[in-house]
Amino acid sequence: MITSFSNKSVREVIQLTQKSKVRNRQDVFIVEGTKMFAEAPAERIERVYLAQRAEKELRETYGEKLNRVPCEIVADDVFDKMSDTKTPQGILTLVRQYHYRLEELLAGKPGGTCVDKRTGRAVSIIGDVHKKNRLYLIVEDIQDPGNLGTMFRTGEAVGADGIIMSSHTVDVYNPKTIRSTMGSIYRVPFVYTEDICGTIHILQKNNICIYAADLHGEKEYDAYDYRGASAFLIGNEGNGLRKETAACADKRISIPMEGSVESLNAAVASTVLLYEAYRQKRNG
């Protein structure tokens, strides 16, 4: 049992929680709580830490899964120091990071594999090359972890095929982002891009229509047909989309608002747009 605050594993977990460069170097991220542990794919779990006070109850509930992964018990006061939450549930999990490629988001058959020419490894294929009504979310410079996490959660709820993020978007493995995804981080494929306009052009070449959320859009969002392959482009919380980014879109759309409201929260705006596309696709 780990009882010392100076234990190497304790220091490591704290560093992983606080610093993205440490997470990236070790290729893992931290998830906390029973729900996030229960939904984490066992094959991606590197290690689990259990608070001494919660061990018995957790083993009664999750014993089968805990027996399949490396697990350490931690003294309660030390565990509380490791935790990033105010009321820790007594379980903290290290999970291997996900690495998707844009090609995986755009093509292939569900559950299939292809060979990564750079590494020679077999990689999973996301999406379906024959799917006509693909749906994506593209975000530029989103800074709030809660907003990004909510976008992932909404993306899963509407069956989105992936989320594409500019390189200056908040770290998806930030603990606050992870908590906000409520497990969707495990199931929604994503990529970061250094060249968001270049990536938009790739999507357009794949017959995906790009709709930019814009306060001064040409038409309101419900004026368009999203039953074909579509992607919504959402900008930074305070500044919106960069002019050059918005100019890459096929259409600019707005969300009508009453009263004195000037704009919606970025996560809320993405939810409105994604659910309109979902509604149309469901109704054929």
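D27 comes out as partly exposed, since its relative accessibility is 27%; here buried means under 20% relative accessible area, exposed means over 50%, and partly exposed is whatever falls in between (1.4 Å probe, protein chains only). The model is predicted, so local features need pLDDT of at least 70 and side-chain atom pairs count only at pLDDT 80 or more, while totals for chains, interfaces and linings use all residues. Residues are numbered from 1 along each chain as its sequence is written, and side-chain values use heavy atoms, with hydrogens and water left out.

Back to D27: its phi is near 60°, a positive value in a residue other than glycine. D27 sits in the loop between α2 (20–26) and β1 (28–32), where helices (H or I, at least four residues) and strands (E, at least two) are DSSP runs numbered from the N terminus. M182 is another such case, with phi near 55°. Its place is the loop between α8 (175–181) and β9 (190–193), and M182 is partly exposed too, at 31% relative accessible area. For background, most residues other than glycine have a negative phi.

Next comes the inside. The largest nonpolar core holds 72 residues, and F190 and F232 have the most contacts inside it; such a core is a set of buried Ala, Val, Leu, Ile, Met, Phe, Trp, Tyr and Cys residues joined through side-chain atoms within 4.5 Å. Helix α11 gives this core its largest share, 6 residues. Apart from it lies another core of 16 residues, including Y49, A51, F79 and M82. Leaving aside residues up to four places away in sequence, F232 touches (heavy atoms within 4.5 Å) L135, Y136, L137, I138, Y211, Y226, I253, L273, L274 and A277.

Helix α7 (residues 145–157) has 13 residues and reaches 19 Å from first C-alpha to last, close to the 18 Å expected, which is 1.5 Å times one less than its number of residues. Its buried residues are P145, N147, L148, G149, M151, F152, T154 and G155. Among the elements covering them are β7 (135–139), β8 (162–166), β12 (230–234) and α11.
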